[in-house]
Number of protein chains: 2
Amino acid sequence: MSALDWSHVFATRSDRMRASEIRELLKLLDQPDIISFAGGIPDPVLFPADAIRTATDALLSDPAQAAQALQYSVSEGFVGLRRWIVDFMGANGVSCTIDNILITCGSQQGLDFLGKLLLSPGDTALVEAPTYLGALQAFNCYEPRYDRLIVDGGNTTPAAYAAAAAAAGGRVKFAYCVPDFANPTGITMSEENRVKLLALAAELEVPVIEDSAYQALRYEGEPVPSIMALDCAANGGDIEKTRTVYCGTFSKTLVPALRIGWIVAATPLIQKLVLIKQAGDLHSSTLNQMVMAELAEAEYDANVARAVALYRGRRDAMMAAMETSMPAGVTWTRPEGGLFVWVTLPTGFDGAELLARAIAEERIAFVPGNAFFANDVMANTIRLNFSSPTEAQIVEGIARLGRLVARIAAEKAAA
Amino acid sequence: MSALDWSHVFATRSDRMRASEIRELLKLLDQPDIISFAGGIPDPVLFPADAIRTATDALLSDPAQAAQALQYSVSEGFVGLRRWIVDFMGANGVSCTIDNILITCGSQQGLDFLGKLLLSPGDTALVEAPTYLGALQAFNCYEPRYDRLIVDGGNTTPAAYAAAAAAAGGRVKFAYCVPDFANPTGITMSEENRVKLLALAAELEVPVIEDSAYQALRYEGEPVPSIMALDCAANGGDIEKTRTVYCGTFSKTLVPALRIGWIVAATPLIQKLVLIKQAGDLHSSTLNQMVMAELAEAEYDANVARAVALYRGRRDAMMAAMETSMPAGVTWTRPEGGLFVWVTLPTGFDGAELLARAIAEERIAFVPGNAFFANDVMANTIRLNFSSPTEAQIVEGIARLGRLVARIAAEKAAA
C-alpha cells in the first residue's frame, strides 16, 4: 500500500485554514529578556485561584453534587450558571430567560457556532476593518465573502451591500463587531452608531453579532449601552423581537482556562445553536460550569474592579510612554478600556518586517496589523497589548519600539 | 422595524440539524419510578471524585502551577497529558509522539472536527448500519451523503463505492466505525475484518476513523488490536505512513464531565486539526487537562478495573434476564464489553411506538433503533444500556419489557 496523500481528502474549506506565519514567531516569546506586547491575555495575578479551589473542593466533597458535576449534562448549559447570566444581562438592560442562553467554550466557540449556523459558502459577512482575527478564523471555515462594515460616514448603502453579496452568489448573513474597546483597535462605537448599525441590519434583514469580550473593562468615560440592550429597548423590552446575538465570556473578567462563555439571543436562534452544541461537543464541562456559577456570584464584581484598577494603570503608562517615545508620523488610538492600542506607522512601514527586527534588535514583540484585515490590508499597522507587561516593562518596551521606528525611518530617508 | 425571520439567515446545512423527537421524551426520565435503559452514561459511583479534588487542590495551591492552569494555553493541548497518551498508545501498539496528538473536548469534538476537515457537501462517508448517532449528528453539519460500510460478506466493491460517490457529486472521504463493543450494537469487529477494512480504505485512498470510546471496557474474551495498531504494524511501526485516525476519550474510563478526548494520527492531519481547534474554541480547559494528566497517571488502570467489574455484572444480569423474559422471535447481541445490547424485535414492531407504550404502561425506557441508521432504517430495533441501572433494576426492567413485547405480539396476532 502507498501512503495516503492527506491533501486529497481534505474538504474545500480547508484551503482557508492556514497557519499564521506570526504564530510560529510568537512561540519564541517565552524567552525572559523579551518584552512582549503581542498577547491578548489577562494578567494571572487577577485569577481567583483560591475561590476556584474552594468552590471545587466544596462541590466534590458533597457526593450528590460531585455525581452531578462529573457526569454528562445538557447541551444548553448548567441551569445555575444560566440563571446568573439572566440576572447579569437584566442588570445591563437585557431582559431574558434561561431559554435565551447557550453556554459555550469561550466566546470563540460562540463565533464558530454562529458561522456554522449562518454562513453558506459565498455568503457575505460584514466585518470592520480591522477586526478580531479569531472571528475571521472561525468564520473562514464556512467559506464566506467579507464586506467592510461601515456604519457611519461611508458611501455604502444597504442596497449596495445586498447587490454585492448577490453578485458573489450569496446574501448578507450578519454584521459582526466588537463595539467596546475593540480587538485590535481599542475603539468604542458610539451609541448613535450602534443605533445606526441596528437600522442597517434591519434594512438588510440580518442579525448583528455583538462580541462583548471587553465590555466590563472600562477605565474612563461613561458606559455605552450594549447593542443588545438598545435593540431590546427599541422593541419594548421583548428579546424575542431582537436581531442581536450577544457573545459574552468570563475569560477577561474572571478566568480564561475554564473556557466558559455564553450566547444570548432570541429562542429560534438558541434552539438551533443547542443542536450545534450537541453535535459539536455534547456540552461544556459540567464541573467548570458549576464552579463558574459559584465564582460569578461571589467574585465577579470584585474581580472586575481589581482588573480595571490594574489595567488602567498600564493603559495610562502606555499612553504616556507613546507620547514620550514615538517619533513624529506615528499615530495611535486612546482606548477607554480593554487590552489593546492600535498603532499606525508612517506609509512604507510594514508591521511584519518591523516585528522581525523588533525581536532581533530590540527584544520586543507585538502583532503586525495585517492579520486583522479580511480584505484590503493596511500593512503599516501594529497591535500593542498592555494587560500583560508591567508598567515598568511598558515604559522600557515602548522606548525600545520608538527608537527602532526612528532608526528605520532614518534608514528609509537615507535610502 | 419588523422582527427578523431567522430561518432566512440560516445556512443550508442547518436543514440537517434537527431536534431528535425522542430527546424531548427522554428528558422526562428523571422520574424515580422509571427504569431507564436509554442512557449511554457511566455510573457515577465510578467517578474518582476524591482524586480530582486532591489534584485540583494541589495544582491551585501552587502559585506557579495555578497561573498556568488558569491561563490560556496552546491549541494542541497540555504537553503533560499528551505525554501520558503517547505512553498509553505505545503500550497498545501505536508508537507516536506528542505531535501526533490533539486534545479535544471529548471524542464528540474529534468527530465534529474530522467532518469539518474532510467533508465537502455531497462527499460520501462510509458508516456502518446501524452506527453511532452522535457521529451522524456531527457529520450531518457538513452535508455528506452516506453509504453503508460493509467490510465482509457484501457484494459492494471499492469501485462501486467510488462510482456511487462520484455520481452523487463528491468522493468517498473516509470510513467511520466503532470497532470495539460498538454503540449501538455492542458488536466487536474481528482482527481479520479490521485488516480488510484497512485494505478497502487503501483501495479507496481514504482514512479510517476509529472511534475507540469503549475499547478499554472488555468483560470477556481476548482484546483485538486496534485498527491503528494494525495499520502501524503493517507500515513498519511508522505512524506517518498510516491512514487511521484514532479517537480516544476519558469519558467512559475516568470521567465525562471534564470533557477530555484525543485524536491520534499522522502529523499532516493533526496540523490541520490544530488550526480547526484554534478557530473552534482556542483550546480545551487548561485546568481540566492538567487535572486529567494527574488522574490518568494515578487512577486509569484501577478505575478501568473497577468499571469492568461493575459493568460485567450488569451485562451478565441483562443477558440472563433477556433469556428469561423475552418472548420468542426477539433476538439480541451478546456484547463482550461496552455499554449496550442491540435488540431486534419481530417484523412489524416499531421501536418508537414501543417506547411510548413502554413509558406509559411499564415505566421503562430505551432508545428506538431508527436514530442510528444513516439510510435504510430498521424500525424494529431498540438499544438497551446496562451501565446505568443496577442489576436488580435490570432484572425487573427486562421482565417488564418482555411482558410488554409479549402483550403487543398478542394484540398483533389478534388484529
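**Exercise 1.** Work out by what turn and what shift chain B can be laid on chain A.

Solution. Start with the superposition: copies are fitted by least squares on the C-alpha atoms of residues with pLDDT of at least 70 in both. Chain B then goes onto chain A by a turn of 180° and a shift of 0.0 Å along the axis, with an RMSD of 0.0 Å. That is the relation of a two-fold axis.

A quick word on ground rules: this is a predicted model, where local features need pLDDT of at least 70, side-chain atom pairs count only at pLDDT 80 or more, and totals for chains, interfaces and linings use all residues. Residues are numbered from 1 along each chain as its sequence is written, while chains are lettered from A and ligands numbered from 1 in the order in which they are written.

**Exercise 2.** Describe the side of chain B that touches chain A.

Solution. Step one is counting contacts (two residues whose C-beta atoms, placed from the backbone, lie within 7 Å). By that rule, 70 residues of chain B are in contact with 70 residues of chain A. Step two: find who supplies them, using helices (H or I, at least four residues) and strands (E, at least two), which are DSSP runs numbered from the N terminus. Helix 10 of chain B gives the largest share, nine residues. Step three: sort by type. Ala, Val, Leu, Ile, Met, Phe, Trp, Tyr, Cys and Pro count as nonpolar, Asp, Glu, Lys and Arg as charged, and the others, Gly among them, as polar. You get 41 nonpolar, 18 polar and eleven charged residues. Finally, 100% of chain B's interface residues are also interface residues in chain A, so the copies meet through the same surface.

**Exercise 3.** Is strand 7 of chain B covered or open, and which strands does it pair with?

Solution. First, burial: a residue is buried if 20 or more other C-beta atoms lie within 10 Å of its own, exposed if 12 or fewer, and partly exposed in between, with C-beta atoms placed from the backbone. Strand 7 (residues 244–249) of chain B is mostly covered, with six of its six residues buried. One face holds B:Thr244, B:Tyr246 and B:Gly248, the other B:Val245, B:Cys247 and B:Thr249.

Next, pairing, which takes at least two DSSP bridges between two strands. Strand 6 (residues 208–211) of chain B runs parallel to strand 7 of chain B over four bridges, and B:Glu210 stands opposite B:Tyr246. Strand 8 (residues 261–264) of chain B pairs with strand 7 of chain B in the antiparallel sense, also over four bridges; there, B:Trp262 is the bridge partner of B:Gly248.
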